[in-house]
Amino acid sequence: MLPGLQVEGVKLDTDACLKQNPLNTFTNASSAQVEGPPQAEGPVVGCWSTDPIWPGWDTLALNKPKFCIEREAQLHKQAAAVNDAIYTMEGHLPPRHYKNPVYSCKVFLGGVPWDITEASVLNTFSVFGPLKVDWPGKDGNHPRFAPQGYMYLLFDWEESVKSLMQACAQSDDNLEFYYKLSSRQIHSKDVRVIPWVISDSSFIHHPIQHLSCSKTVFVGALHGTLNAESLAHIMEELFGEVMYAGIDTDKHKYPIGSGRVTFRSQRSYLKAVTAAFVQIKTLKFTKKVQIDPYLSDSMCQICNSQPGPFFCRAQACFKYYCQSCWYWQHSLDVLSSHQPLMRNQKGLNPNKPTAAGVGKSLD
Ligand SMILES: [Zn+2]
Ligand SMILES: [Zn+2]
């Protein structure tokens with residue numbers, strides 16, 4: 001168990017503000033008070049598209065409106081922002097002590113001056129080595145300024161990240177790093193710098209030969225500073241023995257805001273899936289994370305003849321369905337409230353890897 005972390009049994013969080021504005025947490029991520037990489041939320045907002053996402057979809061004769069089932073699946077993905085978390089972990093995460101940390105070449109910068117330009121960012125940070133700027137949300141409408149208040153630096157060399165860390169001011173507890181950045185309008189603003197130690201992406205609690213998909217959950221909306229070991233401990237305290245925890249990362253080995261946890265027992269797995277949400281409260285952040293079954297490629301478990309991309313997590317079902325079997329099964333009134341779960345659709349948001357794409361070691 002983590003020092004200072006304690007499980008609070010059943011605790012309802014009634015944050016009325018969240019209920020009134022379901023997108024609140026997403027938009028908060030873009031404020032100047034960015035506490036961590038908001039990449040978990042960013043892409044979700046980007047997912048809100050009513051455009052056809054399956055080219056062949058509209059050739060199917062459906063009773064329901066087009067894309068309805070997928071929109072429901074997407075709605076579910078946003079649920080972490082609005083649903084009450086029953087389980088709460090409260091306390092502080094222990095500081096990490098690294099011997100020879102290897103950093104991702106990607107670094108998050110939060111709370112950057114609104115009028116900062118790419119040129120001045122490059123100019124400021126090139127003293128640490130060659131780099132590029134990854135500037136989410138920068139488009140034709142915002143060609144010059146960081147629209148979200150955050151950005152990523154992509155250094156060519158890992159040593160550059162270490163030099164930058166050394167040049168940063170640290171918080172009293174040595175957990176947070178800040179670097180002064182100036183723009184035309186704002187002089188010398190403390191900007192949050194969040195690097196990532198690559199070894200923090202996975203934590204093997206108990207060495208095992210084989211990670212079973214059927215005991216693995218997908219965890220979304222993770223805070224950007226939460227490492228795999230902390231995730232494993234939190235999930236173990238709440239639900240039972242954890243074998244493995246992994247933080248999903250991009251091609252720069254930087255976290256993307258989701259992860260996976262494999263439990264020892266089916267019982268822990270079901271407990272976690274049933275909980276659906278966990279509130280993690282630390283001195284540094286409060287974050288409601290979403291727990292979903294880790295979905296694999298499966299045939300429809302009703303007809304066994306079609307691919308089954310839609311999963312129903314309700315206890316009465318807990319199966320993969322093809323589209324027509326989904327509607328057939330859920331045409332009963334008592335089951336009509338069930339919501340489909342899908343793996344993230346490829347092509348919908350190319351920056352957001354699928355849950356499955358990062359779990360190649362799983363069966
Ligand atoms: Zn079927
Ligand atoms: Zn169902």
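## Ground rules

Because this is a predicted model, local features are described at pLDDT of at least 70 and side-chain atom pairs at pLDDT 80 or more, while totals for chains, interfaces and linings use all residues. Residues are numbered from 1 along each chain as its sequence is written, and chains are lettered from A and ligands numbered from 1 in the order in which they are written.

## The overall picture

Let's start with the inventory: the protein has nine helices and 17 strands. Both are DSSP runs numbered from the N terminus, with helices being H or I over at least four residues and strands being E over at least two.

The protein has 363 residues, of which 39% count as buried. A residue is called buried if 20 or more other C-beta atoms lie within 10 Å of its own, exposed if 12 or fewer do, and partly exposed in between, with C-beta atoms placed from the backbone.

## The six-stranded sheet

Strands of a sheet pair through backbone hydrogen bonds, either parallel or antiparallel. Here, two strands are said to pair if DSSP finds at least two bridges between them. Six strands make an open sheet with antiparallel pairing, in the order β4-β5-β3-β8-β7-β6. β4 and β6 (169-170) are its edges, each pairing on one side only.

Moving through the sheet, β3 and β8 are joined antiparallel by three bridges, and Gly110 has Arg192 in β8 as its bridge partner. β7 and β8 also run antiparallel, with five bridges between them; here Leu181 is partnered by Lys189 in β8. At the β6 side, two bridges join β6 to antiparallel β7, and Ala169 stands opposite Tyr178 in β7. β6 and β7 form a hairpin with six residues between them, and Asn174 in the turn has a positive phi of about 65°.

## Helices against the sheet

Helix α5 lies across β4, β5 and β7 (177-181). α5 runs at about 140° to β4, where axes are lines fitted to C-alpha atoms (for helices over the stretch in contact) and angles run from 0 to 180 degrees between N-to-C directions.

Helix α6 (residues 158-167) has Ser160, Val161 and Leu164 buried. These residues lie on the same side of α6, because they cover an arc of only 100° around the axis, taken from the directions from the helix axis to the C-beta atoms. An α-helix has 3.6 residues a turn, so residues three or four places apart point the same way. The cover over the buried residues of α6 includes β3 (106-110), α5 (118-125), β4 (131-134), β5 (150-155) and β8 (189-194).

## Two nonpolar cores

A nonpolar core is a set of buried Ala, Val, Leu, Ile, Met, Phe, Trp, Tyr and Cys residues joined through C-beta atoms within 7 Å. The largest has 40 residues, and Leu231, Met235, Ala245 and Val261 touch the most other members. Helix α7 gives the most to this core, with seven residues. Apart from it lies another core, of 26 residues, including Leu131, Tyr150, Tyr152 and Leu181.

Beyond its neighbours within four places in sequence, Met235 is in contact with Val242, Ala245, Val261 and Ala272.

## A three-stranded sheet

A further open sheet has three antiparallel strands in the order β16-β15-β17. Its edge strands are β16 (319-321) and β17, each pairing on one side only. Strand β15 (residues 310-312) and β16 are linked by three bridges, with Phe311 opposite Tyr320 in β16.

Pro340 is in strand β17 (residues 340-341) and is buried, with 22 other C-beta atoms within 10 Å.

## Two residues with positive phi

Most residues other than glycine have a negative phi, and most peptide bonds are trans. Ser188 has a positive phi near 55°. Ser188 is found in the loop between β7 and β8 and counts as exposed, because it has 9 C-beta neighbours inside 10 Å.

Ala221 has a positive phi of about 60°. Ala221 is in the loop between β10 (216-220) and α7 (228-239), and is buried, with 24 other C-beta atoms within 10 Å.

Definitions and conventions
Two residues are in contact if their C-beta atoms, placed from the backbone, lie within 7 Å.
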